[in-house]
Amino acid sequence: MTETLLRLNGLTKAYPGVVANSDVGFDIGRGEIHALLGENGAGKSTLVKMIYGLVKPDHGTMHLNGAVFTPPDPRTARMAGVGMVFQHFSLFDALTVAENIALGMEDAPAMGQLADRITQVSQAYGLPLSPDRVVGDLSAGEQQRVEIIRCLLQEPKLLIMDEPTSVLTPQEVSILFETLNTLRAEGTSILYISHKLEEIRTLCDAATILRLGKVVGSCVPAETSARDMAEMMVGETLKTPQRASTKAGEAVLQLSGLNLPPATAFGMPLRDISLTLHKGEIMGIGGVAGNGQDELLGALSGETRAPAGMIEYKGRDIAALGPNARRKIGLLAAPEERLGHAAAPDMSLIENAMLTGATRENLDRNGLLNWSAARGFAERIIEAFDVRTPSSGNAARSLSGGNLQKFVIGREVLQRPDVLVVNQPTWGVDASAAAAIRQALLDLAEGGAAVIVISQDLDELMEISDRFAALNEGRLSQPRPAAGLTVDEIGLMMGGAHGMEVAHG
Amino acid sequence: MDLSAINPIILIAALISAATPILLAATGELVAERAGVLNLGVEGMMITGAICGFIITVNTGSPALGFVMAALGGATLSLLFAFLTQVALANQVASGLALTLFGLGLSALMGQSYVGIKPPRMGDVDFGPLADIPVLGPILFSHDPIVYLGLLVVASVWAVLKFTRMGLVLRAVGENHDAAHALGYKVKRIRTLAIMFGGACAGLGGAYISLIRVPQWTEGMTAGVGWIALALVVFASWKPWRVLLGAYLFGGITQLQLNLQGAGVAIPVEYLAMSPYIVTIVVLVILAKDKSRAPGSLGRIFHASQ
Amino acid sequence: MIRLEKRPQPSQGFALASPLLAVLATVIFGGALFAALGKDPVQAILTIFWEPLFGEFSFFYRPQLLIKGAPLVLIAIGLALGFKAGIWNIGAEGQYIMGALFGAGVGLAFYPMDSFIVFPLMVLAGAFGGWFWAMIPAILKVRFGTNEILVSLMLVYVAEQFLASMSLGLMKNPEGFGFPGSRNLQQYPSAHNAELFANSGMHWGVVAAFIAVIFAYVLLARHRLGFAIRVTGEAPRAAKFGGVNPSRLILFCLGLSGVLAGLAGMFEVAGPAGQVTIDFNVGYGFTAIIVAFLGRLHPIGILFAGGLMALTYIGGDIAQSQMGLPVAAIQVFQGMLLFFLLAFDLLTNYRLRVGQAEAA
């Protein structure tokens, strides 16, 4: 058996109203890839933040190499040999690769010297990267490389990776796994956080499962079935969404050569997107984050107007219509970002129901708003979608991610759309809420509406889509029937390894 | 009207002096904005610096000490802004306005018994024979020390931002405060220091107006220079050397319209006096497209959530 | 160690309490300031807050409260609508001046014609003047994306120069013995914004201010446009998703605040001030910013805040003449109020916790 690198014992951390971690303890061996498995809100982030010195535990101890380890800040943790690759990158878009890396190092060498080392280390681990490029111009996969190289330059003993594959295509995932295997062979330990069970089964040596802040089990992933791990993680038997077989009806929405310039400096243009959407079908659109998902949703919702003739709805050119005009004729949308885009965080659920419901629910009579009707609408959403909140008067940000997402999706679904476009409908949502949301989308399609689901979760897309296409660099691949697509085919539609150089030793 | 009364060499020399208050204030604000803080209180910090410097100079007879205290006064006032925005997490626009309104009132209160006094003058730097070089002598080698200090400040800010780790960290904090925090940098501490630097520079700029440009004390004498300095930072796309260029442009316009007033041009005085403000607006319009370089976290409130 | 923790819901209680706490803190620190200036703090505070309302000469000061409060409320209502939407018009002073110049200009142009039409035309002209001046930053922002804060502010200085030019030139009273300043509109009945009831302080500007308060209240509470304003301020992306057109909102908010500031200027110059002079403006456009924030950008709050601020002006005047308290001290006092308000506002959205510090 390998010797222990990091020992966690009785770690407890409480925030007002929630105990994020309660008496968490496990060991990570030297040269071991250790999976930390759990749903959103299970306490994974809090735990790694404690190890990385961002959060102090209320109780409990950590030992690194047998010595007591209580990092007061990330700097100390890094000096002790702990490196971390964040889920949401802690990168600076406007700075170069080398500058970004220098910021994460304690005693960064002079820039020229650092650039050489970056080139050298990135080659050695099969993650080529040029030090002078501005980070904002890199793809998500390349940005992740920056983070990894930043850690590797410090020669860490323990590397923490938070959901590293959520931004990668299948091909990019296999490049990453090779790198991680190299590191393991060199004796580096890796704490690998994920909820993707198959990945864990292929990569990890040991797994600890968290639920509601507590360790609920541990296992050797290669010897445990994905279903068993899932049930430990969720604590209940999962229902898979059901749908009756449907056949696609007539075309409702047609995109013909949709082109849009990027809205911001580091935004993505939409390039020549063509698509026909039929009644009763669910169109799944995959792709790595930042390849035009937000832009596509904006173009469909009417937040960005397209040139005439590019968007046709039921035979009518709607390119010039704004969001409310599109809602009026039955084209609805739910964006990815719940707080700040789909909903106003500090406003009540009633006000947020008014936000998109005014037109179709007759909450707006010649400019005068009917607040009691809006309250009724909000309460119908809460009721129908089992949104857990004390009252409809509560602020949107007081809801948990899953509950707010149910509210946001429910708000659109209850307005009886003919076409609904959703982006990342179950991102950061617990398993039962995700299942409910997927079921609602399936039911909607069954009722004859057309649904576009944009998502980075391939399992989700394969589960509910009739047809599948992928966004890559603002282009949409030719849609294909979802049934029978292989992982390799999907990966290639998503852009393969995004032109990234592949490892050579 | 006699345009020949305007001597180009004297005009350029005067322009360099006229540009100094704007240059100092804008450079200070540039540092704050690169750290992600939009401080609209420049006008208030300038006028506070103007009166602090004036009072000290009149009472001690030492302009040098006056300038030191002006910088200190500006920095102290800026701490109020730092408290509101970094500790009380107040809106930066509102807090900046509050600082300006407060500074204008405070300076008026402090300066009541100083109206109409002439402060002791600060001598020019003695460059010996260099000052006698034709054309270059009067333009480059016949100024007071603060003019050179202003240039030094711009050059140092440029070098620090570009070449040092301190500068890199400051830029990182302004670019993405969440990422900087995740790497363990003290966002609030760095921003507070940047705000204080901005306050000190604004204070120096204000004192330059009350001690050298005018030189006397009148209420509200900064007359919008602080706001022009803010516009200048946008104009300069947050680059120090472009601040220098912009400051000379505005200094030039200010000086030229004063000279034209003096020369008795047939344009009414009021319309000449409007010109720096109108030019500011025009420049803002021309440069509005170039937005890409604004620091990513500019004006946003930072609070470490967990 | 004290730590801040974001509340899940903004606190209603602190939303109401923070202006009161701010006033209290200002009274305490203001009193200390007056003491430092060698004045009796208790007497100074009483003179400012008590004397105008209940003192011996309150019959004279109470109407003043309306006269000083009306322009502040009128301007602050317009500003608050913009501030709520994140549109920062801080050049109300310029719009106030332009409204006054346009209004007075129309009045002076008709002099000495006696007609009921003169005053309504002046009202329209005043509104237009303010609107036109505010449309400059609005259109530049919509068309080129320039910063409205800087442009509207630069235009204050331009307007001040324009005012100087007018009162020394075009609008100068031809029978004024060469003194700067226009004819006195108080002596031109068709153009005079006279008191509606003698010695009440009630003039058309006061009426307009009350109408503006009610209008803004209904707009924010019940109208689509008011909702658009609130959502835009809270979450601009959500507003756009909800169908708000940001450009139109900018034009509306800046335009409306310009109209209200212009009206305030016009009513002032045709009434209490009487004539266009080089310094007839006394900074209401800037003080109104404090009023807007002190009223928590809420119409009813602004009504009270305007009254309070008017009180400090009048009380300050009394304190100046009776106790020799400098005018600037009142300015500092008003500035303090804004500071404390911004600081106490923290408690609406965050709660303070005493405990172990996070590694931040």
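Strands β11 (residues 251-260) and β14 (residues 311-313) of chain A run antiparallel and are joined by three bridges. Strands here are DSSP E runs of at least two residues, and helices are H or I runs of at least four, numbered from the N terminus. This is a predicted model, in which local features need pLDDT of at least 70, side-chain atom pairs count only at pLDDT 80 or more, and totals for chains, interfaces and linings use all residues. Residues are numbered from 1 along each chain as its sequence is written, while chains are lettered from A and ligands numbered from 1 in the order in which they are written.

**The sheet in chain A**
- Q254(A) stands opposite E312(A) in β14(A).
- The open sheet has four strands in the order β12-β11-β14-β15 (chain A), with antiparallel pairing (two strands pair if DSSP finds at least two bridges between them).
- β12 (270-278) and β15 (316-317) of chain A stand at the edges with a single partner strand each, so one side of each has no neighbour in the sheet.

**Where chain B meets chain C**
- In chain B, 40 residues are in contact with 41 residues of chain C (contact: C-beta atoms, placed from the backbone, within 7 Å).
- On the chain B side, the elements giving two or more residues are α3 (63-87), α4 (92-110), α10 (225-235) and α12 (269-287) of chain B.
- α4(B) gives the most to that side, with 12 residues.

**A contact list worth a look**
- L232(B) touches I22(B), A26(B), V243(B), G246(B), A247(B) and F250(B), not counting residues up to four places away in sequence.

Definitions and conventions: Contact = placed C-beta atoms within 7 Å.
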